[in-house]
Structures are given as structure tokens and as C-alpha cells.
Amino acid sequence: MRVLAAMSGGVDSAVAAARARDAGHEVTGVHLALARNPQTFRTGARGCCTLEDSRDARRAADVIGIPFYVWDMAEEFHDSVVDDFVNEYAAGRTPNPCLRCNEKIKFAAVLDRAVALGFDAVVTGHHARLGADGLLRRSVDLAKDQSYVLAVLTREQLDRAMFPLGDSTKERVRAEAAERGLAVADKPDSHDICFISDGDTRGFLESRLGSAPGDIVDGRTGEKLGTHNGAYGFTIGQRKGLDLRVPAADGRPRYVLSITPVSNTVTVGPREDLEVDVVTATRPIWHSSSGSVDCEVQLRAHGDVVGATVSVTGDSLVATLKSPARGIAAGQAIVAYRPDPAGDVVLGSATITEGTRAAAGALAAGEQAARV
């Protein structure tokens, strides 16, 4: 089978390409040039898309013994990932750019081009598994599992994907890279957002959206507690950086409860006011034969799983949580998993639009009825 190996310049993608070649596939390596100006992207241990990474990927391909090319996809990346990131924050949501990159670049633009060139599949170094049944599963290395950011892939995309590392721990991958003589064996993992070179997300957004002063208010009393320079600089559940001028009467810290772009208002309150037990989402990618299922859901990258009943109808997904969750932000993904002896199976995903308290709503309705 002819396969295209996406080589980021890191240890995972290099070992994935080598394993695909060892499996008898005809492998071609490709590095994606995603930056309009590579110097504006993170470098060293923090990068995945820089000139340095391109050179590392080329050297790995030489050691493995496969052809290697660089594809310039800077415009596609900027339009589908960077602009989306900025627009989502401007709308009061919290996007996941790695998830969007997988959805729009690696398994859409790249896969489409690969198929047009006669390749049968795309190989990546993601830590996730595709079983013989074609279902996406968590990696055996739960600390490195990336099924959450792959859950946006459609059935057709998964049918043309290969994840050779899903049955290995990261420790084993590094050891294998050293055994193969790959110079990236000890290269640190990439972290944070590759296109924000200094790690200052708020500064990055302000440089594109401008200063937009507004109020920070108490969610229970409506009292003005402070001001901000842009509601886009906050996310649900945030505690640090609020710079409130009025301390809480009970001395407890406050957290961001909601962001309202229309009024440019950030609402804060105590930690318990973050709790939700119903999550609604849109644009579901659903692989289960049932539209309603008891399962587990993950509500943010690296977040804990929560038991839930998930119902999918048309373009809407509703998850009723069996225990409250906190810090649920619109724009993040909800991913549903079915526990399985062979590894948790991804049932599907959707983009979160809102988190609410069903119990609080019922209580409020009861109090209103009692007053009437």
C-alpha cells in the first residue's frame, strides 16, 4: 500500500513512518510548512512546524530510507486554524487549534492531496489506535493519548488513516528511535500553541483584535468588580489574571463563569457556580449505531472523563452528566467514549455550545411555582 507519512520533525512521527515502512508499505515522508514566516512560530522544544523541525524530519527520512518532500500549506493553515482561533475567541468561545489542525489540515487538505496523488492512506505519529473493526480507540499510553483531538475525523477519513504508535508507550517509542539511530530520539515534545511564538495568547489576540475595554461583573449581584481590555482574553473557569478591584465578601477566589461578546462583559463568581450537568453541542461526528447511549465523555483536552447519557439528533448533541463538571467552555470538543476491554472506543464528538445546570433550573422553577 502507498502511504504518506506526515513527519513533523518529532520522535513520534519519525517512528510511525519507520514502522509503516517495516510493515511493508511504500512510504513517502512529507513535512508540512505551516508558517507564513517560520520565525514567528515556536522553536526548539516548543515547536512542530519550524525550519528546525523540517530539517529534523528530513534527517529522519534519510535514516529510515524513504523519499521526503516539504508541502507548503501555510495559507490553508492560516485560514483554517489561525483565523478560526482568533474568530472563536472574538465570539466568546475557547477553540482547540490542534483539533482544528487535525480536522482541516492533516486529515482534510493533506489527505485530499495525498489521495489525488495516488496514496492510499496517511500515517501520523498520534498516540491512538485503530482496531481491526475500524474504530478509533485510546492509546495504551493514557498519559499521551490523543484520541480526543482525533475524534473530529469522519468514518471516511479514519478509513484512510494509520496510527502505528497506539500500542506503544512514549517511553518505548523513544527507545525505538534511539535503536534506529534517529537523532530525534531525545527531542522534547512540542507544547502549547505553535503559532504563538512567545506563549502570550492574550497578547497575540490583542494584536489582532485590538483593545476592547469592558466590565467584569459579579454573576450573583451584577456588581461591577473591575475592567478588562478585551473579553477575548478570558476563558471559562479562569481564575488568574482577573485583576479585580473589589474582593469577595467571603474572601474566596472568583472564576470566570461566562463571556458575553455583545456587551463585552466578563462574569465571575465562586467555583461552585461553574458546575454544569447538561452539555449541549453542535456538528456531531457520530459513529455509534444508536442516537442515545450511556457512555463516558471527555469535555476538554487532558480532562477527566464523566459518566453521561448522550443523545444525538440531527445537528445537535446533548449530554446529561451523571456528576457535575466544571470549566465547560463553548468551542471545546465533547468526545464520547464507550469502555471496552480492548480499549475505550470513540463513539463520536461535537463542538460544545453551552453548559447548564438542569437541577438549578428545576429548583428555580419550583421556587417560582411556590411564590405563585
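Helices H3 (residues 74-90) and H4 (residues 97-116) have axes that come within 10 Å and cross at roughly 160°. That makes H3 roughly antiparallel to H4, a label for angles over 145 degrees, with under 35 counted as roughly parallel, 65 to 115 as roughly perpendicular and the rest as oblique. The model is predicted, so local features need pLDDT of at least 70, side-chain atom pairs count only at pLDDT 80 or more, and totals for chains, interfaces and linings use all residues. Residues are numbered from 1 along each chain as its sequence is written, and side-chain values use heavy atoms, with hydrogens and water left out.

- Axes are lines fitted to C-alpha atoms, for helices over the stretch in contact, and angles run from 0 to 180 degrees between N-to-C directions.
- Helices (H or I, at least four residues) and strands (E, at least two) are DSSP runs, numbered from the N terminus.
- On the H3 side, the contact residues are Glu76, Phe77, Ser80, Val81, Asp84 and Phe85. They meet Pro97, Arg100, Cys101, Lys104, Ile105 and Arg113 in H4. Contact means heavy atoms within 4.5 Å.
- By class, the contact of H3 with H4 holds 6 nonpolar, 1 polar and 5 charged residues. Nonpolar covers Ala, Val, Leu, Ile, Met, Phe, Trp, Tyr, Cys and Pro; charged covers Asp, Glu, Lys and Arg; the others, Gly among them, are polar.

**H3 against H8**

- H3 and H8 pack at an angle of about 90°, and their axes are 11 Å apart. That makes the two helices, H3 and H8, roughly perpendicular.
- Val82, Phe85, Val86, Tyr89 and Ala90 in H3 meet Thr201, Phe204, Leu205, Arg208 and Leu209 in H8.
- The class count for H3 with H8 is 8 nonpolar, 1 polar and 1 charged.

**Aromatic pairs**

- Rings of Phe, Tyr and Trp (its six-membered ring) pair if their centres lie within 6.5 Å; planes under 30 degrees apart are stacked, over 60 edge-to-face and the rest tilted. By this rule the count comes to 6 aromatic pairs.
- The ring centres of phenylalanine 77 and phenylalanine 195 are 6.0 Å apart, with planes at 70°, so the pair is edge-to-face.
- Phenylalanine 77 sits in H3, and phenylalanine 195 in the loop between H7 (170-179) and H8 (201-209), so the pair ties together parts that are 118 residues apart in sequence.
- Phenylalanine 77 and phenylalanine 195 are both buried. Buried means under 20% relative accessible area, exposed over 50%, and partly exposed in between (1.4 Å probe, protein chains only).
- For phenylalanine 195 and phenylalanine 204, the ring centres are 5.6 Å apart and the planes are at 50°, so this pair is tilted.
- Ring pairs link Phe77, Phe85, Tyr89, Phe195 and Phe204 into a cluster.

**Phenylalanine 204**

- Phenylalanine 204 belongs to helix H8. Its relative accessibility is 9%, so phenylalanine 204 counts as buried.
- Phenylalanine 204 and valine 86 are 118 residues apart in sequence, yet 8.9 Å apart in space, C-alpha to C-alpha.
- Not counting residues up to four places away in sequence, phenylalanine 204 touches Val82, Phe85, Val86, Phe195 and Ile196.

- Proline 67 is in the loop between H2 (51-64) and strand S3 (68-72). With a relative accessible area of 41%, proline 67 is partly exposed.
- Proline 67 touches Val27, Thr28 and Gly29, residues up to four places away in sequence not being counted. Valine 27 is 40 residues from proline 67 in sequence and 7.6 Å away in space, C-alpha to C-alpha.
- Lysine 322 lies in strand S15 (residues 316-325). At 59% relative accessibility, lysine 322 counts as exposed.
- Leaving aside neighbours within four places in sequence, lysine 322 is in contact with Asp294, Gly307, Ala308 and Thr309.

**Positive phi**

- Most residues other than glycine have a negative phi.
- Aspartate 243 has a positive phi, near 50°. Aspartate 243 is in the loop between S9 (224-228) and S10 (255-260).
- Asparagine 264 also has a positive phi, about 60°. Asparagine 264 is in the loop between S10 and S11 (265-269), and at 16% relative accessibility asparagine 264 counts as buried.
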